[in-house]
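User: I have a model open and a few things to ask about it. Can we start with the pocket lining and go from there?

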Amino acid sequence: MDCRNARGRVRKERIKANGGKHTAAEWKALLVASPVCAECKRPWDIIPLRPDPRYKHVWTKGHKIPVYHGGTNDISNIQAECYECNFEKNAGPLKRNP
């Protein structure tokens, strides 16, 4: 649990350093305009529910340019992705100078 909290803090600092932000209204508007996953193009209603019942939706916020690679948290860098596609993504090796 401690390592998960530490990763969360590192990610939060990285997002802050990269800049950009979006509102809940901007996210909701993007979600309404996205009837399918941006990665696999499957409609939301055919994607299986997440195994963990705490999560009610199959969509997640995905970054077009990963935060790890300098992507911002601006709405222009966010896309609606299914949890399966988002969790399969890997930021890979760091491509920028820290």
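User: Which element gives the largest share of the lining of the largest pocket?

Analyst: That is α1, with 6 residues. Keep in mind that this is a predicted model.

User: What volume does that pocket have?

Analyst: About 890 Å³. The lining has 26 residues, and those closest to the pocket centre are Arg11, Lys61, His63, Asn86 and Phe87. Two or more lining residues come from each of α1 (2-18), β1 (59-63), β2 (78-82) and α3 (83-88).

User: How do the lining residues divide into nonpolar, polar and charged?

Analyst: There are 10 charged residues, 8 polar and 8 nonpolar.

User: Changing topic: how many disulfides does the search find?

Analyst: The count is 0 for the whole structure.

User: Are Cys40 and Cys85 buried or exposed?

Analyst: Cys40 counts as partly exposed because its relative accessibility is 30%. Cys85 has 14%, so Cys85 counts as buried; the limit for buried is under 20%.

User: Which residues make up the largest nonpolar core?

Analyst: The core has 11 residues. Cys85 is one of them, together with Trp27, Leu31, Cys37, Trp44, Ile47, Val58, Ile78, Ala80, Cys82 and Tyr83. At least two core residues come from each of α2 (24-32), β2 and α3, and β2 gives the most, with 3 residues.

User: What is Ala80 in contact with, leaving aside neighbours within four places in sequence?

Analyst: Trp27, Leu30, Leu31, Ser34, Val36, Cys37, Ala38, Trp44 and Thr60.

User: Next, Glu88. Where is it found, and is it buried or exposed?

Analyst: Glu88 is in helix α3. Its relative accessibility is 66%, so Glu88 counts as exposed; the limit for exposed is over 50%.

User: How many residues apart in sequence are Glu88 and Arg14, and what is the distance in space?

Analyst: They are 74 residues apart in sequence, and their C-alpha atoms are 21 Å apart.

User: Where is Lys64 found, and what does it touch?

Analyst: Lys64 is in the loop between β1 and β2. Not counting residues up to four places away in sequence, Lys64 touches Ser76, Asn77, Ile78 and Gln79.

User: Now the whole chain. How many helices and strands are there, and in what order?

Analyst: The chain has 3 helices and 2 strands. From the N terminus on, they run α-α-β-β-α.

User: What does the C-alpha trace span?

Analyst: About 40 × 30 × 25 Å along its principal axes.

User: What percentage of the residues is buried?

Analyst: Of the 98 residues in the chain, 27% are buried.

User: Last one: what share of the contacts with a separation of 6 or more comes from residues 24 or more positions apart?

Analyst: That share is 64%.

Terms used:
Residues are numbered from 1 along each chain as its sequence is written. This is a predicted model: local features need pLDDT of at least 70, side-chain atom pairs count only at pLDDT 80 or more; totals for chains, interfaces and linings use all residues. Side-chain values use heavy atoms; hydrogens and water are left out. On a 1 Å grid over the protein atoms alone, a cavity is a set of points where a 1.4 Å probe fits but cannot get out, and a pocket is an open set with protein on both sides within 12 Å along at least five of seven lines; lining residues have an atom within 4 Å of a point. Grid points are joined across faces, edges and corners, and a volume is the space filled by probe spheres set on the points. Helices (H or I, at least four residues) and strands (E, at least two) are DSSP runs, numbered from the N terminus. Ala, Val, Leu, Ile, Met, Phe, Trp, Tyr, Cys and Pro count as nonpolar, Asp, Glu, Lys and Arg as charged, and the others, Gly among them, as polar. A disulfide is a pair of cysteine sulfur atoms within 2.5 Å. Buried means under 20% relative accessible area, exposed over 50%, partly exposed in between (1.4 Å probe, protein chains only). A nonpolar core is a set of buried Ala, Val, Leu, Ile, Met, Phe, Trp, Tyr and Cys residues joined through side-chain atoms within 4.5 Å. Contact means heavy atoms within 4.5 Å.
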